[in-house]
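This report describes the strands, the loop between two of them, and the surface patches of one protein structure. Please consult the sequence and the structure shown here while reading.

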Amino acid sequence: MNVEQLIAALQQMPQQAVVLLEGDAGYSLVGGLSFEENGNGVPDEVILLPSLADD
């Protein structure tokens with residue numbers, strides 16, 4: 001999934017819904033994001049970061 005596809009999918013969701021990441025330890029709220037610029041033909045990456053606050 002690329003950024004354009006993610007935005008289109010999120011626009012179909014209720015605006016008040018929270019965004020969660022699913023992992024081995026359960027679910028975490030998305031707390032932020034990071035951008036990694038790559039080179040040599042490797043696509044740039046947007047990394048969703050979990051919230052560090054207690055759920």
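## Basis of the description

Helices (H or I, at least four residues) and strands (E, at least two) are DSSP runs, numbered from the N terminus. With strands named in this way, N40 is placed in the loop between β2 and β3. The model is a predicted one.

## Strand pairing

Strand β1, residues 20-23, pairs with β2 in the antiparallel sense, and four bridges connect them. The two strands form a hairpin in which two residues lie between β1 and β2. Within this pairing, G23 stands opposite G26 of β2.

On β2 and β3 the arrangement is also described by bridges: six of them join the two strands, which run antiparallel.

## The loop between β2 and β3

β2 covers residues 26-36 and β3 covers residues 45-50, and E37 is found in the loop between them. E37 counts as exposed because its relative accessibility is 64%, and exposed means over 50%. N40, in the loop between β2 and β3, is likewise exposed, with a relative accessible area of 83%. The backbone of N40 has a phi near 55°, a positive value in a residue other than glycine.

How far apart in space are S28 and G41, C-alpha to C-alpha? The distance is 32 Å, for a separation of 13 residues in sequence. S28 has its place in strand β2. Its relative accessible area is 26%, so S28 is partly exposed; this class lies between buried, under 20%, and exposed, over 50%.

## Surface patches

Which residues gather in a patch of negative charge on the surface? They are E36, E37, D44 and E45. Of these, E37 has already been placed in the loop between β2 and β3.

Three elements, α1 (3-11), β2 and β3, each supply at least two residues of the nonpolar patch.

Technical notes:
Residues numbered from 1 in each chain as written. Predicted model: local features only at pLDDT ≥ 70, side-chain atom pairs only at ≥ 80, totals over all residues. Heavy atoms only, no water. Patch = residues over 30% accessible without salt bridge, like charges linked within 9 Å, V, L, I, M, F, W, Y side chains within 5 Å. Areas by Shrake-Rupley, 256 points an atom, 1.4 Å probe, with all protein chains shown as cover. Salt bridge = Lys/Arg side-chain N within 4 Å of Asp/Glu carboxyl O. Lys, Arg positive; Asp, Glu negative; His and termini not counted. Charge placed at Lys NZ, Arg CZ, Asp CG, Glu CD. Buried < 20%, exposed > 50% of the residue type's maximum accessible area, 1.4 Å probe, protein only. Pairing = 2+ DSSP bridges.
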